[in-house]
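Walk through this model one site at a time. Keep the sequence and the coordinates side by side as you read.

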Amino acid sequence: MAFVFQCPEKIIFGCGVASEVGEEARRWGERVLLVVGKGSARRTGALDQVVEALVQSGLTVSIFEGVESDPSTDTVHRGADLAREFQAQVVVALGGGSVIDAAKAIALLATNPGRCSDYERKAPVNSVLPLIAIPTTAGTGSEVTRFSVISDLDRKVKMVLGGSYLIPKIALLDPLLTVSMPHEVTAATGMDALTHAIEAYLSTRAQPDTDLLALSAVELIAANLTQAVYNPQDVEARSAMLLGQYRAGLAFSNASVALVHSMSRPLGVYFGVLHGLANALLLPHVMAYNRPACPERFAVLAHALGEETVGLSIREASLKAVQAVRNLVLDIGIPRSLQQVGVKEESFEIMAKDALEAQSTQFNPRRPQMDDVITLYWEAYQGLKGN
Ligand SMILES: [Fe+2]
């Protein structure tokens, strides 16, 4: 057996570690491009905290503000223009997965010619700017992964850029930055992280080390997500979620995601459904579909999800994994059906075609056909019933 495990040079985890950003950034130069979203980092004081830490370390900062959810190629190109004009030597991303994904593409294009889409299938010629990622949500794991998802509005696709050069040099994981996340963001991003962990564990590219990370992530997220949603100030639950989501990120960055992600991207492209919510709406249905292909793995997942499996057959235990995820979705108070979030049946076919063409589909434990994917969209459209 042989495999390569890729991760950031340094992962720093703990309450208050965001203020170490200045000392870390100084390793690469004095000119820092700070990439942030549409205002939440400013509102919560996280932006001031990070700017202060950078300035106190003697660095010059230019702020690129306004990165939207599901960042577009236009945003990335504007950010890269600013990075070049400012002659940035290091990029710092402060925000959720969208901000970090945009910052990865900005760091790439700041030193490389052409447009974002040029790098969908090829590696850059010049080394990309070093990136320090500071997440303010607990979900995407983007601060430790080799992927960046950028929306190409002209082609109506979500481009997945992937390569070791996109892995941030440093991930600064500070649970205190995540306590201000609103209810629905905590719930949706938490479900994104759970989907990463479950898909990495079931992926045909799973390896022993990604299994360890994925199962640990499932345990942490299943045990703490509901608490983080309903008691947002609980720093212990927030810490467990942040730890779980980055382990999930490392797991899928090395083992891939699978059919849930292939199916959720079109929901974002055609209907603007946010990534984490789209995954949450699909996950229980896709799990039920995948279960017969690998019931032993589902039985292990059931245990990690907190279910009692002693004395059960593999089949019985495997069914408990699907039920546990259904219950979690029902508990965290998010929409339960594609219908509820404005998805239209007429698009099932085009979305299913896109999903089948997505690279992650080939790593799904069960090989889906067109009819299977349409049926899954239909089931998710009708949604979950229960309390
Ligand atoms: Fe995801």
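**From a glutamate to the iron site**

Leaving aside neighbours within four places in sequence, E120 is in contact with R155, M159, V160 and L161. One of these partners also makes a polar contact: the side chain of E120 meets the side chain of R155 at 3.0 Å. Bear in mind that this is a predicted model.

Where does E120 sit? It is found in the loop between helix 5 (97–109) and strand 5 (131–135). Its relative accessible area is 23%, so E120 counts as partly exposed. The cut-off matters here, because buried means under 20%. For a sense of distance, take A352, which is 232 residues from E120 along the chain. The C-alpha atoms of E120 and A352 are separated by 21 Å.

Now turn to another glutamate, E24. Its place is in helix 1, which spans residues 21–25. Is E24 buried or exposed? At 9% relative accessibility, E24 counts as buried. Its side chain still has a polar partner: the side chain of K10 makes a polar contact with the side chain of E24, at 3.1 Å. With residues up to four places away in sequence not counted, E24 touches K10, I12, I132 and I170.

Next comes the metal. Which residues coordinate the iron ion? They are D192 (OD), H196 (NE2), H261 (NE2) and H275 (NE2), at 2.1 to 2.2 Å. Along the chain these donors follow the spacing D-x3-H-x64-H-x13-H. D192 lies in helix 6 (residues 183–202) and H275 in helix 10 (residues 275–290), so the pair ties together parts that are 83 residues apart in sequence. The arrangement of the 4 donor atoms is irregular, because they subtend angles of 85 to 169° around the iron ion. A tetrahedral call would need all angles between 85 and 135 degrees.

D192 counts as buried, because its relative accessibility is 2%. H275 is partly exposed, because its relative accessible area is 21%.

Step back to the annotation. An unreviewed UniProt entry carries the label "domain: Fe-containing alcohol dehydrogenase-like C-terminal" for residues 186–381. Over residues 186–381 the chain is 71% helix and 0% strand. The end C-alpha atoms of that stretch are 23 Å apart.

Finish with the cysteines. How many disulfides does a search of the whole structure find? It finds 0. C7 counts as partly exposed, because its relative accessibility is 38%. C15 also counts as partly exposed, because its relative accessibility is 47%.

How values were computed: Residues are numbered from 1 along each chain as its sequence is written. This is a predicted model: local features need pLDDT of at least 70, side-chain atom pairs count only at pLDDT 80 or more; totals for chains, interfaces and linings use all residues. Side-chain values use heavy atoms; hydrogens and water are left out. A disulfide is a pair of cysteine sulfur atoms within 2.5 Å. Buried means under 20% relative accessible area, exposed over 50%, partly exposed in between (1.4 Å probe, protein chains only). Helices (H or I, at least four residues) and strands (E, at least two) are DSSP runs, numbered from the N terminus. A polar contact is a pair of N or O atoms within 3.5 Å; within protein, one must be able to donate a hydrogen and the other to accept it, and residues adjacent in sequence count only if both atoms are side-chain atoms. Contact means heavy atoms within 4.5 Å. Donors are N, O and S atoms within 2.8 Å of the metal (3.2 Å for Na, K and Ca); water is not among the atoms, so sites may look incomplete. Four donors count as tetrahedral if all angles lie between 85 and 135 degrees; four count as square planar and six as octahedral if opposite donors are over 155 degrees apart and all others between 65 and 115; anything else is irregular. UniProt positions are given in the numbering used here, feature names are shortened, and annotations may be inferred rather than shown by experiment.
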